[in-house]
Amino acid sequence: MSDNMDEPARDDFELLDFIVVGTQHAVSDGRALQGLENGRELELTWEHKNPHDSYAVRVDAAGYENGRETWRQKLGYVPMTHSRVIARLIREGFALTCEVDVVHGLEIAASIRCPKLKPGV
């Protein structure tokens, strides 16, 4: 947490820092990672029908033009050690956000943020 009192208060909090797993299978070459930079928003999708893990949470990069999705690239998954909690939050309708922290080769460090609940909610 920042000690700078001049920064505006955020209405969300960091829930999880993680390394996207499975990028070596999802991304056949590094070209798919070009353009992924720090702060780039990523998409989270709960794959409740995944035959290997019903709590699997896929991490995608997507591109938009004029408010419409024009492309999507699977990057990998939230690690299994955290996917159950993230899948449940998605199922319950929490507006989780995910963004790139660092890209190094095929390794993607990312973070998930969760909105703060308002009193009485």
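# Notebook: strands, core and salt bridges

I began with burial: of the 121 residues of the protein, 34% count as buried. For my own record, buried means under 20% relative accessible area, exposed means over 50%, and partly exposed lies in between, with a 1.4 Å probe and protein chains only. I am working on a predicted model, where local features need pLDDT of at least 70 and side-chain atom pairs count only at pLDDT 80 or more, while totals for chains, interfaces and linings use all residues. Residues are numbered from 1 along each chain as its sequence is written, and side-chain values use heavy atoms, with hydrogens and water left out.

**Fold**

I then listed the elements: the protein has two helices and six strands. Along the sequence they follow the pattern β-α-β-β-β-α-β-β. Both kinds are DSSP runs numbered from the N terminus, helices being H or I with at least four residues and strands being E with at least two.

In what order do the six strands of the open sheet lie? I read β1-β6-β5-β2-β3-β4, with antiparallel pairing. Two strands pair here if DSSP finds at least two bridges between them. The edge strands are β1 and β4, each pairing on one side only. From one strand to the next, the twist averages 35°; the axes behind that angle are lines fitted to C-alpha atoms, for helices over the stretch in contact, and angles run from 0 to 180 degrees between N-to-C directions.

I went through some of the pairings one at a time. Strand β5 (residues 97-104) and β6 are antiparallel over seven bridges. Within this pair, T97 has R113 of β6 as its bridge partner, and V100 stands opposite A110 in β6. The two strands form a hairpin with two residues between them. In that turn I noted G105, with a positive phi of about 65°.

Strand β2 (residues 41-46) pairs with β5 in the antiparallel sense over two bridges, and L42 stands opposite C98 in β5. On to β3: four bridges join β2 to β3, and these strands run antiparallel. There E43 stands opposite D60 in β3.

**Core and contacts**

In soluble globular proteins, nonpolar side chains tend to be buried together. With that in mind, I looked for the largest nonpolar core and found 24 residues in it. Such a core is a set of buried Ala, Val, Leu, Ile, Met, Phe, Trp, Tyr and Cys residues joined through side-chain atoms within 4.5 Å. The residues with the most contacts inside this core are F18, L42, L75, V78 and I112. At least two core residues come from each of β1, β2, β3, α2 (80-91), β5 and β6. Which strand gives the most to this core? It is β6, with four residues.

Not counting residues up to four places away in sequence, F18 touches V59, Y77, V78, P79, C98, I108, A109, A110, S111 and I112. A contact means heavy atoms within 4.5 Å. Across the protein, residues 24 or more positions apart account for 59% of the contacts with a separation of 6 or more.

**Salt bridges**

I counted a salt bridge when a side-chain nitrogen of Lys or Arg is within 4 Å of a carboxyl oxygen of Asp or Glu. The count comes to five salt bridges.

One of them joins R113 and E14, whose closest N and O atoms are 3.6 Å apart. R113 is in strand β6 (residues 107-115) and E14 in strand β1 (residues 12-19), so the link spans distant parts of the chain, 99 residues apart. R113 is buried at 14% relative accessibility, whereas E14 is partly exposed at 40%.

Another joins D60 and R72, with the closest N and O atoms 2.8 Å apart. D60 lies in strand β3 (residues 57-65) and R72 in strand β4 (residues 68-77), so the pair ties together parts 12 residues apart in sequence. D60 is buried at 1% relative accessibility, while R72 is partly exposed at 35%. Both also belong to a network of salt bridges that links E47, R58, D60 and R72.

E92 is exposed at 55% relative accessible area, and R91 is partly exposed at 46%.
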